[in-house]
Amino acid sequence: MASESNPPTATASPIKVAIIEDQRNIRESLSFLVDGTEGFSCTGSYPSMEEALDKIPAVMPDVVLSDIGLPGINGIEGVKILKARYPNLVILMLTVYEDDERIFDAMCAGASGYLLKKTPPARLLESLKEAVTGGAPVSPEVARRATSLFSAIPPP
């Protein structure tokens, strides 16, 4: 059994990741990255939230990596549905959007983190680990926007 002084070994269960991304090349690249990295396993990659909502229950992941700009049900609405069905499911947004409204809406919907698609692969994998261990990973640009947003609000 792993402890803080004894990190998990290769025999530890991999982190199971589901990917929801409508752009095929990005979806396939993320699947390849996850499946090709020791300690991770891709349980499914879906081009739409509707397909993910249908198939995720059969292969429950530890963490979902979801785009926001999806056809049909967008990623933020999808987070609301997933969190209502599976309150303990960890969901990270992976998107190109850096605007305050989407960041705020995603976090209010139940996202555990918010990453930009330009996040380097190694940092993306670290963020997946961080999220499943209780962290809330965000891209530096998003953190900067969030701190600016909160600093503009006067204290009560």
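Which residues of helix 1 are buried? In this predicted model, the buried residues of helix 1 are Arg-27, Leu-30, Ser-31 and Val-34. Viewed along the axis of helix 1, these residues fall within an arc of 100°, so they line one face of the helix. An α-helix has 3.6 residues a turn, so residues three or four places apart point the same way. On the other side of helix 1, Asn-25 and Phe-32 are exposed. The buried residues of helix 1 are covered by elements including strand 1, strand 2, strand 3, strand 4 and helix 5. Helix 1 itself contains 12 residues, and its first and last C-alpha atoms are 16 Å apart, close to the 16 Å expected at 1.5 Å a residue.

The setting of this helix is a protein with 6 helices and 5 strands. From the N terminus on, the order of the elements is β-α-β-α-β-α-β-α-β-α-α. Of the 156 residues in the protein, 37% are buried. Among contacts between residues at least 6 apart in sequence, 61% join residues at least 24 apart.

Helix 5 spans residues 121–132. With 12 residues, helix 5 reaches 17 Å from its first C-alpha to its last, close to the expected 16 Å. Leu-124, Leu-125, Ser-127, Leu-128 and Ala-131 are buried in this helix. The buried residues of helix 5 fall within an arc of 155° when seen down its axis, so they line one face of the helix. The packing partners of these buried residues are strand 1 (15–20), helix 1 (24–35), strand 2 (40–46), strand 3 (63–66), strand 4 (90–95) and strand 5 (113–116). Just after helix 5, Gly-134 adopts a positive phi of about 100°.

The pairing of helix 1 with helix 5 was examined next. Two packed helices are described by the angle between their axes and the distance between the axes. For helix 1 and helix 5, the axes come within 11 Å and cross at roughly 65°. Helix 1 is therefore roughly perpendicular to helix 5. The crossing of helix 1 past helix 5 is right-handed. On the helix 1 side, Leu-30, Leu-33 and Val-34 take part in the contact, and they meet Pro-121, Leu-124, Leu-125 and Leu-128 in helix 5. Leu-30 and Val-34 are among the buried residues of helix 1, while Leu-124, Leu-125 and Leu-128 are among those of helix 5.

Ile-15 is located in strand 1. Because its relative accessibility is 14%, Ile-15 counts as buried. Neighbours within four places in sequence aside, Ile-15 is in contact with Gly-39, Phe-40, Ser-41, Asp-62, Val-63, Lys-129 and Val-132. One of these, Ser-41, lies 26 residues from Ile-15 in sequence, with a C-alpha to C-alpha separation of 6.0 Å. Lys-129 and Val-132, also in contact with Ile-15, fall in the 121–132 range of helix 5.

Helix 3 covers residues 75–85, where Gly-75, Ile-76, Gly-78, Val-79 and Leu-82 are buried. Down the axis of helix 3, its buried residues fall within an arc of 150°, so they line one face of the helix. These buried residues pack against strand 1, helix 2 (49–55), strand 3, strand 4 and helix 4 (100–109).

Notes
Residues numbered from 1 in each chain as written. Predicted model: local features only at pLDDT ≥ 70, side-chain atom pairs only at ≥ 80, totals over all residues. Heavy atoms only, no water. Helix = DSSP H or I, 4+ residues; strand = E, 2+ residues; numbered from the N terminus. Expected span 1.5 Å × (residues − 1). Buried < 20%, exposed > 50% of the residue type's maximum accessible area, 1.4 Å probe, protein only. Arc of directions from axis to C-beta. Contact = heavy atoms within 4.5 Å. Axes fitted to C-alpha atoms, helices over the stretch in contact; angles between N-to-C directions. Parallel < 35°, antiparallel > 145°, perpendicular 65-115°, else oblique. Left-handed = near helix turned anticlockwise from the far one by under 90°.
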